[in-house]
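Grab a pencil and have a go at the exercises below. Try each task yourself before you read its solution.

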Amino acid sequence: MITEEKSPEMIGRAEKLLLICSRNNLNEGLLREASELMRNGVDWEFFMSSVIRSGQTFAVCNSLNKIKAPAPVPKYFTNKLKFSHLYTMSKIIPQYNEIKNILKLFYEKDIAAVPLKGPILARRLYGDVAARGMSADID
């Protein structure tokens, strides 16, 4: 595991980086700010645990791929991020399929239904059923 000296400044930069990377659309200003935060040092352990806890693995993965980082994100953390997203997908896909089946039944009975959250909405908005994390319910 990678360890480095932690400071309040590094944790603060990690929090700011998470806020930037959680956005869907990053403009040039945000990309530069993220790159600068990374250049000045980020507490990667804090960052990754915050990403996973917040359920933002999809958005953060996409954002990190767009940022011109002064140095690559440590491989340990990118692997952890990818694993977390794949784990979430493995749990959500059965839920997604169940909701699709329910929506199909509604459609066949001519009952209007609009998914307001969950994997159906995540797929429509972000192109990924696991983009918004996991929920215990399927409504």
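## Exercise 1: Thr 88

Thr 88 sits in helix 5. (Helices are DSSP runs of H or I with at least four residues, strands are runs of E with at least two, and both are numbered from the N terminus.) One note before you start: this is a predicted model, where local features need pLDDT of at least 70 and side-chain atom pairs count only at pLDDT 80 or more, while totals for chains, interfaces and linings use all residues. Residues are numbered from 1 along each chain as its sequence is written, and side-chain values use heavy atoms, with hydrogens and water left out.

**Task.** Work out whether Thr 88 counts as buried or exposed, and find which backbone oxygen its side chain reaches.

**Solution.** 
- Step 1: learn the cut-offs. Buried means under 20% relative accessible area, exposed means over 50%, and partly exposed is in between (1.4 Å probe, protein chains only).
- Step 2: apply them. Thr 88 has 12% relative accessibility, so it counts as buried.
- Step 3: follow the side chain. It gets to the backbone oxygen of Ser 84 at 3.0 Å. That's a polar contact, meaning a pair of N or O atoms within 3.5 Å; within protein, one must be able to donate a hydrogen and the other to accept it, and residues adjacent in sequence count only if both atoms are side-chain atoms.

## Exercise 2: Two packed helices

**Task.** How are helix 3 and helix 5 oriented to each other, and which residues make the contact?

**Solution.** 
- Step 1: know what to look for. Two packed helices are described by the angle between their axes and the distance between the axes.
- Step 2: read off the values. Helix 3 (residues 44-54) and helix 5 (residues 75-108) pack at about 10°, and their axes are 10 Å apart. (Axes are lines fitted to C-alpha atoms, for helices over the stretch in contact, and angles run from 0 to 180 degrees between N-to-C directions.)
- Step 3: classify. Angles under 35 degrees count as roughly parallel, over 145 as roughly antiparallel, 65 to 115 as roughly perpendicular, and the rest as oblique. Helix 3 and helix 5 are therefore roughly parallel.
- Step 4: list the partners. Helix 3 brings Trp 44, Glu 45, Met 48, Val 51 and Ile 52, while helix 5 brings Phe 77, Lys 80, Leu 81 and Ser 84. (Contact means heavy atoms within 4.5 Å.)

## Exercise 3: Helix 4 and the whole chain

**Task.** Why is helix 4 largely enclosed, and how many helices does the chain have?

**Solution.** 
- Step 1: count. Seven of the 10 residues of helix 4 (residues 57-66) are buried, so the rest of the structure largely encloses it.
- Step 2: name some. Among the buried residues of helix 4 are Phe 58, Val 60, Cys 61 and Leu 64.
- Step 3: find the neighbours. The buried residues of helix 4 pack against helix 1 (8-21), helix 2 (28-40), helix 3, helix 5 and helix 6 (118-126).
- Step 4: zoom out. The chain has six helices and zero strands, and 38% of its 139 residues are buried.
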